[in-house]
Structure formats: C-alpha cells, structure tokens
Amino acid sequence: NGLGGFQPGSTYKPFTVAAWLDSGKTLNAQLNGNKRTYPAGHTWNASCLPGGRYAILDPWTPINYGDTNYRNTTVLEGLAQSLNTITLASANELDLCKFQQMAFAAGVHNGKSASGEREMLAVNPPSTFGGGGDASPLAMATGFATFAAEGLMCEPHALESVKGSDGTEYPVPEQDCEQVMRKEVAQGVNMATQRVMTNGSGINLQVGV
C-alpha cells in the first residue's frame, strides 16, 4: 500500500459491468452511447459522498478512443469494443460508489494511499472507464482472479512452503479467502470479457489462451 501503481484505464470497465449485473440489469440492455456534453452542475448518484451526489464544476464531453463509435448499443458490446460513452451511460443509471466498492471488495485498491491503509479508488464519473487513481499490478491481478474464481477473493499468497537450512519445515499461513461477489455476477463478467477477444477490441491480440 502507498507504493504506487498505474491507472487501470479500460481494464477497470469490467467492474462497472459487475456493478451493472449486481443491480439486476442485463448485458443485452441497450444504452445511448452517443457523444454528449454534461453541463456544469450535472450530478450523479454517489451514496458514499457527502450529500449522496457527485457534481461536476465544468462542462465535460467524454470521448471514445479515436473520437469515434458513438452509437446506441448493448452493455455487452460496449465492453467488447471498450466504448467509454456506453460505460458512462451504464454508470448514469447506477450509484458511482457501487462499482468502486465492488472493485475494492475484489482486491483493487488505491496504490498511493497516504495513510498506508487500503482505500477505494476515487469516486467520480471519469473513473468508470479509467479507475479513479493508480492501482498496483498485483491489485489488478487479484481483482481479475476474483472474477475467475466466480467471486471468491483470495488475498495474494507468495509462499508455498518455508524450509530452514537444517531442513526444518515451518508452517505457512493459510490463504484468506472470502466470497465478495455473487457467482452469477462474476460469471456474467467473465462471459462479457471473453467477447473482447472474440468480437471486440482485442480480436487482433490473440495470445493462444
């Protein structure tokens, strides 16, 4: 904690999808992904912030990569094509704190915590497709491992065994695991992220897995 990290960027979008599914919504829901400007003073639901709202002070126009692909499409295709406007459209219907809380529970936390304690990444609209701060590679790996384990988050565990120079074996602490996400939510995210490689923005990056 506190050692830094990197902005997650679009690798953070699956946590917005997880929050979407956890709220009882579907991957096939159609959203408005057209380009729009949010005026100064526009607010979003954010239950964990004072007053329960997040307000922007200046006009804001979110753009997609290459400033293209503005259209109505599904949450599933929005993730597959990594469309910022669709990600934000889904967040418009959610509580901004929801996906940060889900990511935090899955093991993703602020890599530059001033207190040295684990903290959520920042709660704001751009964080829906950028992460809201820096996270370490280990934290992101833990978060995605939670998806792979169908919602079971296990604290990273580096040691398999410990043996002294005299051959004495010492006990290794057991790994701490907790079910932090409903299985069906994690399964939905896993199906959606596979679409990135089969029909989406990662189709030309086949890695043989």
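These legends describe close-up views of a predicted model.

Residues are numbered from 1 along each chain as its sequence is written, and side-chain values use heavy atoms, with hydrogens and water left out. In this predicted model, local features need pLDDT of at least 70 and side-chain atom pairs count only at pLDDT 80 or more, while totals for chains, interfaces and linings use all residues.

**View 1. Helix H1 and its cover.**
H1 spans residues 13–22. Helices (H or I, at least four residues) and strands (E, at least two) are DSSP runs, numbered from the N terminus. H1 is mostly covered, with 9 of its 10 residues buried. Buried means under 20% relative accessible area, exposed over 50%, and partly exposed in between (1.4 Å probe, protein chains only). The buried residues are Lys13, Pro14, Phe15, Thr16, Val17, Ala18, Ala19, Trp20 and Leu21. Their cover includes strand E1 (30–32) and helices H2, H3, H4, H5 and H6. Just after H1, glycine 24 takes a positive phi of about 90°.

**View 2. H1 against H6.**
The axes of H1 and H6 (residues 183–198) come within 9 Å and cross at roughly 135°. Axes are lines fitted to C-alpha atoms, for helices over the stretch in contact, and angles run from 0 to 180 degrees between N-to-C directions. The two helices are therefore oblique to each other. Angles under 35 degrees count as roughly parallel, over 145 as roughly antiparallel, 65 to 115 as roughly perpendicular, and the rest as oblique. H1 passes H6 in a right-handed crossing. A crossing is left-handed if the near helix is turned anticlockwise from the far one by less than a right angle, and right-handed if clockwise. From H1, Pro14, Val17, Ala18, Leu21 and Asp22 meet Val185, Gly188, Val189 and Thr193 of H6. The residues of this contact divide into 6 nonpolar, 2 polar and 1 charged. Contact means heavy atoms within 4.5 Å. Ala, Val, Leu, Ile, Met, Phe, Trp, Tyr, Cys and Pro count as nonpolar, Asp, Glu, Lys and Arg as charged, and the others, Gly among them, as polar.

**View 3. H1 against H3.**
H3 covers residues 84–92. The axes of H1 and H3 come within 10 Å and cross at roughly 35°. This crossing is left-handed. Lys13, Thr16 and Trp20 in H1 meet Asn84, Thr87 and Ser90 in H3. By class, the contact has 1 nonpolar, 4 polar and 1 charged residues.

**View 4. The largest nonpolar core.**
This core has 43 residues, and Phe15 and Val108 touch the most other members. A nonpolar core is a set of buried Ala, Val, Leu, Ile, Met, Phe, Trp, Tyr and Cys residues joined through side-chain atoms within 4.5 Å. The elements giving two or more residues to the core are H1, H2 (75–80), H3, H4 (96–106), H5 and H6. Not counting residues up to four places away in sequence, valine 108 touches Tyr12, Phe15, Ala103, Leu121, Ala135, Ala139, Met140 and Gly143.

**View 5. Threonine 142 in H5.**
Threonine 142 lies in H5 (residues 137–148). This residue is buried, with a relative accessible area of 8%. Leaving aside neighbours within four places in sequence, threonine 142 is in contact with Ala106, Gly107, Met153, Cys154 and Pro156.

Leucine 27 sits in the loop between H1 and E1. Leucine 27 is buried, at a relative accessible area of 10%. Beyond neighbours within four places in sequence, its contacts are Val17, Leu21, Thr74, Val75, Leu76, Gly188, Met191 and Ala192. Glycine 51 is 24 residues from leucine 27 along the chain, and their C-alpha atoms are separated by 30 Å.

**View 6. Arginine 53 in strand E3.**
Arginine 53 belongs to E3 (residues 53–55). This residue is partly exposed, with a relative accessible area of 37%. Arginine 53 touches Thr43, Trp44, Asn45 and Ala46, not counting residues up to four places away in sequence. From C-alpha to C-alpha, arginine 53 and threonine 43 are 6.1 Å apart in space, and 10 residues apart in sequence.

Asparagine 69 has a phi near 60°, a positive value in a residue other than glycine. Asparagine 69 is found in the loop between E3 and strand E4 (72–74). Its relative accessible area is 41%, and it is partly exposed. Serine 82 has a positive phi near 55°. Serine 82 lies in the loop between H2 and H3. Serine 82 is buried, with a relative accessible area of 18%.
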